[in-house]
Amino acid sequence: AVLDLLAVYLAAHLGRLDAAEYARLVEELQMLPEKIETVLADREKIQFFASQYFNHDSVFFIGRNLDYALGMEGSLKLKEISYIHSEAYASGELKHGTISLIEPGTLVIALGTYGPLFDKAMSNVIEVKARGASVLALTTENRREDLASRVDGILTIPETELPLLPLLGVVPLQLFAYYVALQRGCDIDKPRNLAKSVTVE
């Protein structure tokens with residue numbers, strides 16, 4: 001959020017944003033806490049999906065543009081506290097080898113929050129489904145219907161400005177990792193082999 005505020009400030013001062021765009025982005029930033037509350041209110045659904053998928057040994061996150069960055073964070077949190085092998089891939093690169101790792105039952109978490117590339121994200125969902133993957137999708141509320149019939153499970157976040165989508169999208173992904181780790185009996189407060197301070201050079 002701080003980096004987004006800095007970007008908005010700099011863009012306004014460099015003349016890249018007009019006053020209306022600036023005001024709209026700042027207003028959306030101020031609305032994020034309320035929108036995060038709506039995501040947190042849906043945590044029982046996130047917990048349900050965690051109970052469905054906690055026994056997978058390998059998980060792939062796929063997304064385009066901002067959704068790829070979001071997938072990297074979701075994947076990191078999942079491996080960090082649940083010890084499941086997890087990787088994030090840019091969806092557009094699936095055909096360059098990654099798709100060979102998809103086999104029946106593989107869990108793919110498909111991220112489709114970034115509207116301008118939603119149709120391409122949908123084609124990637126179809127590709128992995130055709131190879132037998134179980135697909136849990138994350139998208140925005142207004143795209144739920146477009147995606148729901150093509151996936152095995154779906155989570156949504158409220159609408160917001162494009163650059164701010166990852167700030168909302170990260171919440172269900174981190175909760176998913178949390179509940180998966182709980183199901184696996186992991187010590188979430190003390191992940192193995194992780195040090196939050198550097199003790200060696």
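Let's start inside helix α4, where Asp67, Leu70, Gly71, Gly74, Ser75, Leu78, Glu80, Ile81 and Ser82 are buried (under 20% relative accessible area with a 1.4 Å probe, counting protein chains only; exposed means over 50%, and partly exposed is in between). Keep in mind that this is a predicted model, where local features need pLDDT of at least 70, side-chain atom pairs count only at pLDDT 80 or more, and totals for chains, interfaces and linings use all residues. Residues are numbered from 1 along each chain as its sequence is written, and side-chain values use heavy atoms, with hydrogens and water left out.

Helices here are DSSP runs of H or I with at least four residues, strands are runs of E with at least two, and both are numbered from the N terminus.

Now for the nonpolar cores, meaning sets of buried Ala, Val, Leu, Ile, Met, Phe, Trp, Tyr and Cys residues joined through side-chain atoms within 4.5 Å. The largest has 35 residues, and Ile109, Leu136 and Phe176 have the most contacts inside it. Elements giving two or more residues to this core are α2 (19-40), α3 (43-53), β1, α4, β3, β4, β5 and α7. The top contributor is α7, with 11 residues. Leaving out residues up to four places away in sequence, Ile109 touches Val59, Phe60, Phe61, Ile62, Leu136, Leu173 and Phe176 (contact means heavy atoms within 4.5 Å). A separate core of 17 residues has Ile62, Val108, Phe118 and Val135 among its members.

Next, a loop: Glu161 is located between β5 (153-157) and α7 (165-183). Why does Glu161 count as buried? Because its relative accessibility is 18%. Beyond neighbours within four places in sequence, Glu161 is in contact with Arg24, Leu25 and Glu28.

Finally, the surface. Leu3, Leu6, Tyr9, Leu10, Leu14 and Tyr22 make a nonpolar patch of about 630 Å². Helix α1 (residues 2-13) supplies its largest share, four residues. Leu3 lies in α1, and Leu3 counts as exposed because its relative accessible area is 68%.

Definitions and conventions
Patch = residues over 30% accessible without salt bridge, like charges linked within 9 Å, V, L, I, M, F, W, Y side chains within 5 Å. Areas by Shrake-Rupley, 256 points an atom, 1.4 Å probe, with all protein chains shown as cover. Salt bridge = Lys/Arg side-chain N within 4 Å of Asp/Glu carboxyl O.
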